Amino acid sequence: MIPILFEKTETAFADNGIARLRDTLSAVVSEERNGIYELDFTYPVDGANYEKIICGRLVGVTHDESGDIQPFEIVQQKRPINGVVSFHCVHLSYRQSQMTAAGSNINSLSDAFTLLSNATPSNPFTYETDITSTSYMAGADGTPLSVRQLLGGVEGSILDTYGGEYEWDKFNVKLHQHRGDVVNFAIRYGVNMVDFKDDTDYANTYTTAIPYWIGDDGEGNQTIVKGNKVNSGLTPFDGHERCVPLDLSDKFESAPTTT
């Protein structure tokens, strides 16, 4: 299909958005089970609507037998080479790496999803599963972590505890016991860093942080101190608050206050 450019605030993905990017030269989606889900596309600088393709906006494409549009956020724009610009995008679900949650005593998958739903900032994603489990989730020990880490990025995460295979569908996260047949997906692990100083890359920028400290309470017990959210004062490039957990354990010899 012809990729569709959407505004960063789009939620429905049911129309032609800002524009159809008819002059797209190439578009490749890479997906790894329980891993990366990214889009790379190229566009000529003299193509129609080129000036509208900016970091933070979303590109909708179809790439599997379902024919369903999936949105990808533009996070990197490389300098033109021979009049062609390369754009790197990540699936909308990556926004969960910009949300922070902290909880403990999680004893079921239902409890785990409730923890994610109460993340900071407000979490627009929904969660569903066909897995029933009452196992204890060791990864939720009170340490502030990103939602994406809790889904499967740290030891004792939801994926470690309950197993399964994720399906990322717009704002919906589905954890299946099994997801279709085994397929060898193309995997991309990096991007060309030549002339990176002239690129635009917003993939790892944040606007707020939740600081925390882990250490000894003076009596031989490990304790976690979670601080209040800190605002950087920066304007988010995509209009969304991007909150990251910030480990300050090496900055204090003893437990600090929360403010």
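Which side chain does a polar contact of 2.7 Å join to that of histidine 88? I opened the predicted model with this question in mind.

**Entry 1: histidine 88.** I located histidine 88 in strand S7, which covers residues 84–91. I found that a polar contact of 2.7 Å links its side chain to the side chain of aspartate 40. I also noted a polar contact of 3.2 Å between the side chains of histidine 88 and glutamate 38.

**Entry 2: aspartate 68.** Setting aside neighbours within four places in sequence, I listed its contacts as Val61, Thr62, Asp169 and Lys170. With lysine 170, the side chain of aspartate 68 forms a side-chain polar contact of 2.9 Å. I noted that these two residues lie 102 residues apart along the chain, while their C-alpha atoms are separated by 9.8 Å.

**Entry 3: the whole protein.** I finally consulted the overall values. The protein contains three helices and 17 strands. Of its 259 residues, 44% are buried. I looked up the contacts between residues at least 6 apart in sequence, and 62% of them join residues at least 24 apart. The accessible surface is about 13,300 Å², and carbon and sulfur atoms account for 47% of that area.

Technical notes:
Residues are numbered from 1 along each chain as its sequence is written. This is a predicted model: local features need pLDDT of at least 70, side-chain atom pairs count only at pLDDT 80 or more; totals for chains, interfaces and linings use all residues. Side-chain values use heavy atoms; hydrogens and water are left out. Helices (H or I, at least four residues) and strands (E, at least two) are DSSP runs, numbered from the N terminus. Buried means under 20% relative accessible area, exposed over 50%, partly exposed in between (1.4 Å probe, protein chains only). Contact means heavy atoms within 4.5 Å. Accessible areas come from the Shrake-Rupley method with a 1.4 Å probe; for residues, only the protein chains shown count as cover. A polar contact is a pair of N or O atoms within 3.5 Å; within protein, one must be able to donate a hydrogen and the other to accept it, and residues adjacent in sequence count only if both atoms are side-chain atoms.
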